[in-house]
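My entries follow in the order I made them.

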Amino acid sequence: MNETSGDLPLLFTPIALRGITARNRIVSSPMCQYASEDGMPGEWQLVNFGRFAMGGCGIVFTEETAVDWRGRKTHECAGIYRDEHVPAYRRITDFIRSLGAVPAIQLGHCGRRASQHGPLKDRAPLTEADAAANRKPWQGLSSSALPATPGGPLPKAMDLDDIRECLAAWREASQRALDAGYDVCEIHGAHGYLIHQFLSPLSNLRTDSYGGSLEGRMRFALEVAETVRAVWPQDRPLWFRVSAVEGPGGVWGIEETLALAKALKARGIDAIDCSSGGIALGGDGGLTPVPRVPGFQAGYSSELRRETGLPTVAVGMIREPRHAEALLREGHADFIALARGLMDDPNWPLHAARDLGIADPLALLHPRETQRLRQLEQHAREYPAGSAIGIPFGPEEQVSYSWGEGIARRR
């Protein structure tokens with residue numbers, strides 16, 4: 001990995017995993033939209049994710065997509081638990097692919113973080129009062145009957161039948177994602193969601209084979225990976241998102257993540273997406289908050305890449321193109337993922353290509369946009385800043401133009 005020839009920036013060097021090749025190393029990271037109805041995506045998703053493909057990303061993830069209706073955080077979360085969802089996602093993946101990007105999906109299950117409002121209402125738990133607005137609360141599932149927040153609703157501790165049903169939901173959702181046209185699938189094992197709830201000793205108090213030791217707590221994660229890999233074609237890559245360390249007061253750290261990543265590699269996982277946080281709840285572990293500074297999770301990516309040999313994804317406040325390029329060049333990651341940075345600037349890949357000296361940055365874009373932008377560049381070349389020009393006001397009248405004022409004025 002991370003090999004290139006000539007002077008082409010590594011950020012814009014194509015990269016292949018299994019049978020899929022991305023045009024560059026820029027990844028649009030999964031971002032929940034809270035804009036679905038019974039899991040179904042619509043115009044919001046088509047436009048939102050389409051703009052990242054249009055802007056030049058190599059891989060475009062849609063949002064974290066629930067494998068089961070109970071695995072949604074809110075009534076508005078995306079899901080792929082019904083066959084009727086497939087054509088709606090196919091519309092999005094076809095559009096992303098038509099723009100030269102690789103469509104990717106992140107499959108997940110929120111576990112005990114179910115039955116709440118979205119972030120605009122501070123993720124408050126749903127109550128019976130919400131049922132009148134067709135937002136009935138439901139009980140979440142988890143490794144143990146512990147609330148996601150102090151005083152929050154109790155989830156059901158999953159029994160063996162629940163685990164089998166959940167694994168079946170992962171299998172069926174993976175098949176639907178394949179039918180929907182996705183080329184990359186990522187398993188969400190981070191951020192305090194169901195898989196993470198099994199991994200962490202703060203949320204997993206089980207005494208059966210799915211709890212206790214690190215091996216026991218990893219069992220559910222590994223079974224999910226085996227289940228999805230059995231469905232996901234051998235010529236398509238399967239990623240796994242980890243919380244490399246837990247939140248403040250947590251006890252899960254990089255050593256545990258390394259053990260998990262090595263076990264995932266043996267089960268056919270192709271890349272590790274390196275995030276952090278998600279479980280804290282006043283634990284008495286020694287972990288402190290991770291400062292949100294540029295590249296704050298890149299060290300986790302570097303460690304996992306070096307110790308496992310797996311390709312990794314660096315994500316987290318990476319805004320400057322030269323910073324992204326340095327992370328790749330120095331071997332800390334194989335992909336650079338952006339989330340909020342792309343919301344701020346959907347054309348970040350285009351601007352990064354210019355900043356890094358790509359000979360023809362506009363080649364990233366669709367010809368319908370490129371044609372007009374090339375005209376824009378042509379006009380800039382024809383009249384460089386400071387040129388002495390006149391703006392015609394009539395057949396025999398020209399007014400001198402001053403760059404500083406930005407307007408031609410008749411005196």
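**Salt bridges**

I started with Arg354, which forms a salt bridge with Glu377, the closest N and O atoms being 3.5 Å apart. Arg354 lies in helix α11 (residues 348–355) and Glu377 in helix α12 (residues 367–382), so the pair ties together parts that are 23 residues apart in sequence. I noted the criterion: a side-chain nitrogen of Lys or Arg within 4 Å of a carboxyl oxygen of Asp or Glu. Helices (H or I, at least four residues) and strands (E, at least two) are DSSP runs, numbered from the N terminus.

This is a predicted model, in which local features need pLDDT of at least 70 and side-chain atom pairs count only at pLDDT 80 or more, while totals for chains, interfaces and linings use all residues. Residues are numbered from 1 along each chain as its sequence is written, and side-chain values use heavy atoms, with hydrogens and water left out.

I then looked up accessibility, where buried means under 20% relative accessible area, exposed over 50%, and partly exposed in between (1.4 Å probe, protein chains only). Arg354 is partly exposed at 38%, and Glu377 is partly exposed at 28%. Salt bridges that share partners join Arg90, Asp94, Arg97, Asp183 and Arg236 into one network.

I looked up two further pairs. Lys73 and Glu64 form a salt bridge with the closest N and O atoms 3.0 Å apart, and both residues are buried. Arg306 and Glu307 also meet through their side chains, at 3.5 Å from N to O. Arg306 counts as exposed because its relative accessibility is 52%, whereas Glu307, at 38%, counts as partly exposed. For the whole structure, I recorded 30 salt bridges.

**Cavities**

How many cavities of 30 Å³ or more does the structure have? The search finds two. On a 1 Å grid over the protein atoms alone, a cavity is a set of points where a 1.4 Å probe fits but cannot get out, and a pocket is an open set with protein on both sides within 12 Å along at least five of seven lines; lining residues have an atom within 4 Å of a point. Points are joined across faces, edges and corners, and a volume is the space filled by probe spheres set on them.

The largest cavity has a volume of about 50 Å³. Its lining includes Ile59, Val102, Trp239 and Phe335. β1 (15–17) and β2 (20–22) are the elements that give two or more residues to this lining, and β2 supplies the largest share, three residues. I sorted the lining by class (Ala, Val, Leu, Ile, Met, Phe, Trp, Tyr, Cys and Pro nonpolar; Asp, Glu, Lys and Arg charged; the others, Gly among them, polar).

Gly189, His196, Leu199, Val242, Ser243, Trp252 and Leu260 line it, with α5 (194–199) and β9 (238–243) each supplying at least two. By class, this lining has four nonpolar, three polar and no charged residues.

I looked up the second largest pocket, with a volume of about 270 Å³. Of its 13 lining residues, Tyr34, Glu76, Gly118, Pro119 and Leu120 are the closest to its centre. The lining of this pocket has four nonpolar, six polar and three charged residues.

**Ser29**

Ser29 is in the loop between β3 (26–28) and α1 (43–54). Is Ser29 buried or exposed? Ser29 counts as buried, at 2% relative accessibility. Leaving out residues up to four places away in sequence, Ser29 touches Phe61, Arg241, Val315, Ala337, Leu338 and Ala339 (contact means heavy atoms within 4.5 Å).
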